[in-house]
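Subject: Structure handover

Hello,

Here is the structure for you to look through. My notes on it follow below.

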Amino acid sequence: MAHSRWIRLVCLAQVLALAPLAGAASYQDVDHSFSFEFYATDVFPWIDGSRSGAVKDTRGEMAKALQSMITGTRSRLEVALYGTKKQGWFIESLRKLANRRESVPVEVVVDQRVGDVGDWNPDNFDYSDTVELAKTLGDEAVRPDVDASGAVNVNSIMHNKFVVADRKKVWLGSANVSHTDMGSDYNVNVALLLKNPEIARVYSDEFRQMFHDRRFSTEKMARDDQRPFRFKDGTIAEVYFSPQDDTMNRAILEFIRRSSKTLDIAMFFLTDMKAATALKDAVKRGVKVRLIYDALAGAHAASKHSWLRDQGVDVRVENWGGKMHMKAAISDGADVLLGSVNWSSAGALKNDENTLVVRRNQKLAEQMSAYYEKLWATLEDDSGDGDSDRSARRVPRNPRAEGKESINACRDGIDNDHDGLVDSEDDGCS
């Protein structure tokens, strides 16, 4: 008995001795404060009706901020995009940068849906203007996602939306370089411009793995050092890439489990049952969980939003015409998660994606929350009892993406529900 007790004491002493070392090694300390600029699409003129009609090929404030970053690049620009559509300013900005007298290298990875590598046929890309990047910059500067054999990867998508300038700044978020996302402010999106070289280098390394090593999807390698960054102001930043970093378990589920009071989510697609179950568990432990959800996703058979309603999550499905395209969450007024990942198995296990978790940064959380509250206020839930007087314009619990109940959806010139029918051609608009 004494011998057994002695062994336990020795083991305990070893654990205590190692604990300070483990704690010290858990962060990469940064000797400056976390520096960021927050951007969000101004969808509210579309929602209140002061802006209406067909979505034009314009350039919103988010696009202008990204253009300014591109223009200011000095040594190298690395671009990972799903594609580009009806945003001529973007292609022109890259052309000017590449043709500057100082000769700034511009490299791009994009998603190609079908076809052969090097076949720059617009029909091979979901965003047809992506082919203009190759025509403008040259084939050697624009590379599509490939599988292990070197053929176009049709089993996953290169879904990132990030840009790295000089390995010092990185732009990231949910917005595609398209007329519906950045151009017209029609779809709901957020983006961050980070002026933190430590994080920029991590994104740059991920880009180079895709562009130079031709590694995409499950062929990519995880980083050797995945410790979170701890900045001088106390901010903790964690970077995850899909699929190699186990984003669902290590980032999304962990973020949900950390929440203790409030959890606000804005999501395009939520189909992963593990994420849904974690949200149910959060409600059980007393967390106030709210979800703003996209109408197109709400019609998908695998969507978990109705189930989440039954578990006590306050779910509001948008009726804005444009999409709820964010993939973001805010926890307890201090922590934020954002990036390109929908909460789906494809987003976590197959697609090329990125997720940033920022903890203990009240300023960023406040900016995100202010935007979220404005969006939430436009969605008064119609409970179906006929007695609600909360708003003169109530929103159905499950509005159609293209229907008369969705603001401007029947005159925006867009196939919002992806059925091949636009506006008056769609039964929902007749």
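First, a term for the helix pairs: a crossing is left-handed if the near helix is turned anticlockwise from the far one by less than a right angle, and right-handed if clockwise. Helices (H or I, at least four residues) and strands (E, at least two) are DSSP runs, numbered from the N terminus.

This is a predicted model: local features need pLDDT of at least 70, side-chain atom pairs count only at pLDDT 80 or more, and totals for chains, interfaces and linings use all residues. Residues are numbered from 1 along each chain as its sequence is written, and side-chain values use heavy atoms, with hydrogens and water left out.

Helix pairs

Two packed helices are described by the angle between their axes and the distance between the axes. Axes are lines fitted to C-alpha atoms, for helices over the stretch in contact, and angles run from 0 to 180 degrees between N-to-C directions. Angles under 35 degrees count as roughly parallel, over 145 as roughly antiparallel, 65 to 115 as roughly perpendicular and the rest as oblique. Contact means heavy atoms within 4.5 Å.

Start with α8 (247–258) and α9 (residues 273–284). Their axes cross at roughly 20° and come within 9 Å. The two helices are therefore roughly parallel to each other. The crossing of α8 and α9 is right-handed. From α8, the contact uses Met-248, Asn-249, Leu-253 and Ile-256; from α9, Lys-274, Ala-275, Ala-278, Leu-279 and Ala-282. By type, the residues of this contact are 7 nonpolar, 1 polar and 1 charged. Here Ala, Val, Leu, Ile, Met, Phe, Trp, Tyr, Cys and Pro count as nonpolar, Asp, Glu, Lys and Arg as charged, and the others, Gly among them, as polar.

Next, α3 (residues 61–71) packs on α4 at about 10°, with the axes 10 Å apart. α3 and α4 are therefore roughly parallel to each other. Ala-63, Leu-66, Gln-67 and Ile-70 of α3 meet Trp-89, Phe-90, Ser-93, Leu-94 and Leu-97 of α4. That contact has 7 nonpolar, 2 polar and no charged residues.

α4 (residues 88–98) also packs with α5 (residues 130–137), at about 20° and with axes 10 Å apart. That angle makes α4 roughly parallel to α5. The crossing of α4 and α5 is right-handed. α4 brings Phe-90, Ile-91, Leu-94, Arg-95 and Ala-98, while α5 brings Glu-132, Leu-133, Thr-136 and Leu-137. The residues divide into 6 nonpolar, 1 polar and 2 charged.

Cores

In soluble globular proteins, nonpolar side chains tend to be buried together. A nonpolar core is a set of buried Ala, Val, Leu, Ile, Met, Phe, Trp, Tyr and Cys residues joined through side-chain atoms within 4.5 Å. Buried means under 20% relative accessible area, exposed over 50%, partly exposed in between (1.4 Å probe, protein chains only).

The largest nonpolar core has 53 residues. Leu-194, Ile-199, Tyr-203, Met-326, Leu-356 and Leu-375 touch the most other members. Not counting residues up to four places away in sequence, Ile-199 touches Phe-34, Val-170, Leu-194, Phe-229, Phe-231, Ala-237 and Val-239. Another core, of 36 residues, lies apart from the largest one and includes Ile-252, Phe-269, Ala-348 and Ala-401.

Single residues

Gly-339 lies in strand β17 (residues 335–339). Its relative accessibility is 3%, so Gly-339 counts as buried. Leaving aside neighbours within four places in sequence, Gly-339 contacts Gly-173, Ser-174, Lys-327 and Asn-354.

Glu-373 sits in helix α13. At 38% relative accessibility, Glu-373 counts as partly exposed. Glu-373 touches Asp-264 and Arg-290, not counting residues up to four places away in sequence. The C-alpha atoms of Glu-373 and Asp-264 are separated by 9.4 Å, though the two are 109 residues apart along the chain.

Arg-316 is in strand β15 (residues 314–317). Arg-316 is buried, at 9% relative accessible area.

Backbone

Ser-242 and Pro-243 are joined by a cis peptide bond, with omega about 0°. Pro-243 lies in the loop between β12 (236–242) and α8. Ser-103, in the loop between α4 and β5 (106–110), has a positive phi, near 55°. Arg-360 has a positive phi too, near 60°, and lies in the loop between β18 (353–359) and α13 (362–377).

Best wishes
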